[in-house]
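Student: I have not seen this structure before. Please take me through the terms used for it, one at a time.
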Amino acid sequence: PLLEFTRSKKPVIASSVGAVADLIQNEYNGYLFEVNDHNKCYNLLINIITNNSLRKTIGNNAYNVFINKHSNSVIEKKLEKLLMYKMWYYSKNSSHV
């Protein structure tokens, strides 16, 4: 769901658990708070709801990070490089009959 939000130019406010911290750059393309820090979460929500300019900036940043790191074309290029490497590796390391 986080990637769908970023692709839709929506700022993300999430607790910093698991891979969330890898996807969200705090105060750039979203906001992170510690688990159970309800006051911080509340304050972040109020700030993003009441500040249109900030909401748009964070949303645009989220979209740009998505396009540059997680779009289909980027993933395809990464997979292609991986496959090319594996093909090269196996061609160099396989025993010939």
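Student: How many helices and strands are there in the protein?

Tutor: The protein has five helices and two strands. Helices (H or I, at least four residues) and strands (E, at least two) are DSSP runs, numbered from the N terminus. Along the sequence the pattern reads α-β-α-β-α-α-α. This is a predicted model, in which local features need pLDDT of at least 70 and side-chain atom pairs count only at pLDDT 80 or more, while totals for chains, interfaces and linings use all residues. Residues are numbered from 1 along each chain as its sequence is written, and side-chain values use heavy atoms, with hydrogens and water left out.

Student: Why is Lys9 called partly exposed?

Tutor: Buried means under 20% relative accessible area, exposed over 50%, and partly exposed in between (1.4 Å probe, protein chains only). Lys9 has 42%, so it is partly exposed. Lys9 sits in the loop between helix H1 (2–7) and strand E1 (12–15), and has a positive phi of about 60° although it is not a glycine.

Student: And what makes Asn36 exposed?

Tutor: Its relative accessible area is 60%, so Asn36 counts as exposed. Asn36 is in the loop between E2 and H3 and also has a positive phi, about 70°, without being a glycine. Most residues other than glycine have a negative phi.

Student: How much of the protein counts as buried?

Tutor: Of its 97 residues, 24%.

Student: Which residues make up the largest nonpolar core?

Tutor: A nonpolar core is a set of buried Ala, Val, Leu, Ile, Met, Phe, Trp, Tyr and Cys residues joined through side-chain atoms within 4.5 Å. The largest has seven residues: Tyr31, Phe33, Cys41, Leu44, Ile48, Leu54 and Ile58. Another core, of six residues, lies apart from it and includes Leu2, Val20, Ile24 and Leu32.

Student: What is Leu54 in contact with, leaving aside its neighbours within four places in sequence?

Tutor: Contact means heavy atoms within 4.5 Å. Leu54 is in contact with Tyr31, Asn47 and Ile48.
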